[in-house]
Amino acid sequence: GDTTLRPTSKLSIDIAGRYEYYTDTNNTENGKISARYDVSRRFALRGTISNGFRAPTLQESHFSRLSIFAGTGSVGGQLPVESAAARSLGASGLKPERSVNASGGFTMEPVRGLHVEADVYQINLRDRIVQGGTVRGAQALDAIRSFGFDVSPTATNAAASSAYFLSNGASTRTQGLDLKADYLVHMHRWGNV
């Protein structure tokens with residue numbers, strides 16, 4: 001649902017909310033509130049704050065791969081985080097990534113036809129899905145074998161072998177500034193530039 005409010009002729013407020021039900025992960029409630037205040041006909045202030053949600057993809061939860069290094073006699077493997085093999089190395093199920101986004105700025109028309117916009121923003125992302133725990137040695141080789149990869153003839157160097165899985169292992173902050181300007185030139189019968 002969403003609605004737009006106009007408490008005064010110069011102020012508009014947009015409010016939106018969303019609820020989603022997921023069978024594999026947590027449910028989520030997301031919202032957004034935006035406001036714009038027209039200081040004059042040619043200058044306005046604006047700002048937005050919202051939160052977001054991204055469920056783990058099937059690939060992030062279930063993908064596997066194996067690399068065989070024939071020259072060293074070692075193997076490396078990515079185990080699906082949902083597998084018993086990854087859980088034996090300490091993996092736990094993936095949680096959704098969650099974010100909070102905030103931005104604020106202005107839009108103006110200093111001269112007729114010239115539009116300038118500037119916005120600062122910050123995105124805080126928690127529980128970001130990244131390559132997680134890497135385990136080396138015989139324990140890693142045992143996990144790779146227990147998953148079902150047949151590495152017996154090639155894996156002669158257990159100490160150099162490794163296995164890893166994905167995890168909710170990072171929180172990040174992204175900050176930035178967006179600047180935009182455009183100027184419309186009417187060239188009459190030749191069109192606009």
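**Ground rules.** Residues are numbered from 1 along each chain as its sequence is written, and side-chain values use heavy atoms, with hydrogens and water left out. Since the model is predicted, I kept local features only at pLDDT of at least 70 and side-chain atom pairs only at pLDDT 80 or more, while totals for chains, interfaces and linings use all residues.

**Overall form.** I counted three helices and nine strands (DSSP runs numbered from the N terminus: H or I of at least four residues, E of at least two). Along the sequence I read β-β-β-β-α-β-β-α-β-β-α-β. The C-alpha atoms fill a box of roughly 75 × 40 × 30 Å along the principal axes.

**Strand pairing.** I looked up β7 (residues 97-108) and found it antiparallel to β4 (residues 43-54) over twelve bridges; pairing takes at least two DSSP bridges between two strands. Here phenylalanine 43 stands opposite methionine 108. β7 also pairs with β8 (residues 114-136), again antiparallel, over eleven bridges, and serine 99 has leucine 125 of β8 as its bridge partner. Five residues lie between the strands of this hairpin, where glycine 113 takes a positive phi near 95°.

**Asparagine 30.** I found this residue in strand β3 (residues 28-40). Is asparagine 30 buried or exposed? Its relative accessible area is 14%, so it is buried (under 20%; exposed is over 50%, partly exposed in between; 1.4 Å probe, protein chains only). Leaving out residues up to four places away in sequence, asparagine 30 touches several residues, among them Arg18, Glu20 and Phe53 (heavy atoms within 4.5 Å).
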